[in-house]
Number of protein chains: 2
Amino acid sequence: MKHIKIFAPATVANVACGFDIFGFALNNPGDEILLRLKEKRGIVISKITGDKGMLPEEPEKNTAAVSVMALLDYIKSDKGFEIEIHKKMPLSSGLGSSAASAAGALFGANILLGKPLEVKELLPFAIESERVACGTGHADNVAPALLGGFVIIRSYNPLDIIKIPTLPELYCTVIHPSIEINTEYARSILKSEISLKDAVKQLGNVAGLVTGLFTGDYNLTGRSLEDVIIEPFRAKLIPGFYDVKKAALMSGALGCSISGSGPSIFALCSSGETAEKAGKAMKEVFNKIDIQSHVYISEINEEGPKIIES
Amino acid sequence: MKHIKIFAPATVANVACGFDIFGFALNNPGDEILLRLKEKRGIVISKITGDKGMLPEEPEKNTAAVSVMALLDYIKSDKGFEIEIHKKMPLSSGLGSSAASAAGALFGANILLGKPLEVKELLPFAIESERVACGTGHADNVAPALLGGFVIIRSYNPLDIIKIPTLPELYCTVIHPSIEINTEYARSILKSEISLKDAVKQLGNVAGLVTGLFTGDYNLTGRSLEDVIIEPFRAKLIPGFYDVKKAALMSGALGCSISGSGPSIFALCSSGETAEKAGKAMKEVFNKIDIQSHVYISEINEEGPKIIES
């Protein structure tokens with residue numbers, strides 16, 4: 001039976017100033033998705049590990065299955081898949097766990113089906129699966145998870161996704177504290193109206209961050225990593241957030257904010273050494289307030305999902 | 001007596017999606033500022049032409065004089081200037097008329113004083129003069145007027161201005177209809193709160209526009225020239241605005257919106273030919289509703305003010 005095993009990257013969405021429009025992919029952590037092609041229509045989730053029994057095996061509730069089924073319907077295929085999902089990243093952590101599984105499954109299924117679509121064309125199916133996972137069809141995790149690199153979602157309707165370069169020495173520290181934040185709740189506490197003044201600040205930072213990435217200006221990239229719209233609300237959901245952020249910046253990180261809807265916190269750094277130092281300092285803050293945490297250090301993942309076995 | 005004559009460019013602020021953060025300079029129109037160095041402290045505005053008697057000659061009310069006086073104070077100079085201002089652009093038109101005069105005067109004065117400051121360092125004095133001219137110290141006209149090119153104001157406090165590249169074939173059509181809009185009024189009709197949803201759209205377009213300019217992608221640049229926050233309000237102050245915009249886009253313009261707080265309307269085009277065509281079509285719309293208008297066609301001014309006589 002034809003099979004393929006895929007690495008599917010975790011992702012950092014929002015990236016401080018870019019609420020719902022920025023995201024980038026990581027090399028660490030990432031899920032492993034194994035797919036076996038079947039000659040019979042239908043998806044079976046045959047195994048899930050690393051999820052502490054949290055993920056649904058029913059195909060209509062599982063994001064990997066939902067997205068692959070949408071692909072099969074679109075290309076009018078009568079094939080099917082048996083899928084194993086090996087979670088190597090925490091769930092509900094703000095690291096795009098559901099997006100990773102969907103992106104990895106789609107990427108692998110498309111290959112086993114003989115590449116009927118370009119990778120970029122798989123995106124709508126992944127977005128659809130986000131609707132199943134968190135109620136809204138956001139693209140800031142699935143787009144970087146599928147395409148790799150740093151991604152702008154310029155528009156949702158029509159969908160307009162642009163991948164831009166990142167800096168060669170950019171490292172990301174991610175710390176995941178063992179607290180739970182529900183994505184829908186994290187979205188519900190946001191105000192539906194914001195001040196024009198704050199919007200202008202955010203527009204300036206978005207323009208600055210994109211410019212910093214294009215010009216290789218680490219300093220500009222760092223000072224543009226400022227979020228005056230979302231972070232003030234979501235920070236309240238993460239005990240010690242501002243101390244963790246301070247620890248990252250004091251360690252030399254370019255900038256630090258909440259990854260997606262949290263509780264993970266990311267810091268961008270201009271070297272692996274600084275990223276390690278920031279990770280240690282951030283963890284110490286959580287230790288002091290008796291919150292267990294896990295640190296990941298990673299370069300930006302530029303390629304998206306990749307085949308690790310076939 | 002040492003003298004210098006400076007060309008000072010008109011500017012397009014906001015540039016659709018970049019309210020208060022984007023601006024670019026034009027080669028046409030532009031003011032001419034003549035400065036004569038005096039050994040005695042103080043500024044005299046000796047002549048103003050082309051303003052239909054509208055501009056104040058009192059140094060404390062005239063933006064060119066205010067900005068040069070601030071420069072003299074800053075460098076503790078006991079020199080003075082006699083300044084002639086020859087307006088070659090309409091006042092209160094949304095083309096940065098006061099910013100041009102201030103930028104040109106500062107640029108010239110700095111040269112006659114032996115260049116005590118870098119051009120970029122003149123910016124705070126120009127911003128201060130904007131406070132005199134329109135009540136708020138905005139930089140989206142003075143920054144491109146002084147520095148030339150396409151400019152991002154990432155932050156006002158601290159001031160953080162970044163000049164980014166533009167596209168080689170970019171032309172701008174500006175049409176100035178003979179109607180008056182007061183800048184303060186145009187600002188007062190804006191809502192101080194906006195929806196988070198609109199802010200996200202605007203963030204996406206700002207990221208898209210910057211990316212389009214860096215990557216030389218005319219199509220992306222064009223589709224990012226969308227303003228869902230400010231244009232819907234200010235469009236009401238310009239009769240026929242949406243028809244003029246439609247005429248520009250139908251002529252092949254990449255995008256079209258209000259220049260600054262209006263009433264001028266700008267369209268960016270990927271060739272001089274298209275810019276001419278758009279200008280004619282836009283003017284026809286105003287003709288039909290009996291509004292006189294003047295069209296300017298220009299490349300992006302990359303150098304800022306320049307010496308035309310010394």
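## Close-up views of a predicted two-chain model

**View 1. Cavities in the predicted model.** Searching the whole of this predicted structure turns up two cavities of 30 Å³ or more. The largest cavity holds about 50 Å³ of space, and the volume of the second largest cavity is about 30 Å³. The next two views take them in turn.

**View 2. The largest cavity and the residues of chain A that line it.** Around this space you will find Asn14(A), Ala16(A), Asp227(A), Ile230(A), Glu231(A), Arg234(A), Ser257(A), Ile258(A) and Gly260(A). Sorted by class, the lining of the largest cavity has three nonpolar, three polar and three charged residues.

**View 3. The second largest cavity and its lining in chain B.** Here the lining consists of Asn14(B), Ala16(B), Asp227(B), Ile230(B), Glu231(B), Arg234(B), Ser257(B), Ile258(B) and Gly260(B). At least two of the lining residues come from helix 8 (231-234) of chain B, and at least two from strand 9 of chain B. The lining of the second largest cavity divides into three nonpolar, three polar and three charged residues.

**View 4. An open sheet of four strands in chain B.** If you follow this sheet of chain B across, the strand order is 9-10-7-11, and the pairing is antiparallel. Strand 9 (255-258) and strand 11 (293-299) of chain B are the edge strands, each pairing on one side only. On average, neighbouring strands of the sheet are turned by 20° against each other, direction ignored.

**View 5. Two helices lying across the strands of chain B.** Helix 9 (residues 241-250) of chain B lies across strand 7 (171-177), strand 9 and strand 10 of chain B. Its angle to strand 9 of chain B is about 155°. Helix 10 (residues 272-288) of chain B lies across strand 7, strand 9, strand 10 and strand 11 of chain B. Helix 10 of chain B runs at about 15° to strand 7 of chain B.

**View 6. Cis peptide bonds in two loops of chain B.** Asn157(B) and Pro158(B) are joined by a cis peptide bond, with omega about 5°. You can find Pro158(B) in the loop between strand 5 (150-156) and strand 6 (159-164) of chain B. Another cis peptide bond leads from Gly262(B) to Pro263(B), where omega is near 5°. Pro263(B) sits in the loop between strand 9 and strand 10 of chain B.

**View 7. A positive phi at Lys52(A).** Lys52(A) is a residue other than glycine, yet its phi is positive, near 50°. To locate Lys52(A), look in the loop between strand 3 (42-49) and helix 1 (63-74) of chain A.

**View 8. How chain A and chain B are related.** Chain B is superposed on chain A by a rotation of 180° with 0.0 Å of shift along its axis, and the RMSD is 0.0 Å. This is the relation of a two-fold axis. Of the interface residues of chain B, 100% are also interface residues in chain A, so the copies meet through the same surface.

How values were computed
Residues are numbered from 1 along each chain as its sequence is written. Chains are lettered from A and ligands numbered from 1 in the order in which they are written. This is a predicted model: local features need pLDDT of at least 70, side-chain atom pairs count only at pLDDT 80 or more; totals for chains, interfaces and linings use all residues. Side-chain values use heavy atoms; hydrogens and water are left out. Two strands pair if DSSP finds at least two bridges between them. Axes are lines fitted to C-alpha atoms, for helices over the stretch in contact, and angles run from 0 to 180 degrees between N-to-C directions. Contact means heavy atoms within 4.5 Å. On a 1 Å grid over the protein atoms alone, a cavity is a set of points where a 1.4 Å probe fits but cannot get out, and a pocket is an open set with protein on both sides within 12 Å along at least five of seven lines; lining residues have an atom within 4 Å of a point. Grid points are joined across faces, edges and corners, and a volume is the space filled by probe spheres set on the points. Ala, Val, Leu, Ile, Met, Phe, Trp, Tyr, Cys and Pro count as nonpolar, Asp, Glu, Lys and Arg as charged, and the others, Gly among them, as polar. Copies are superposed by least squares on the C-alpha atoms of residues with pLDDT of at least 70 in both.
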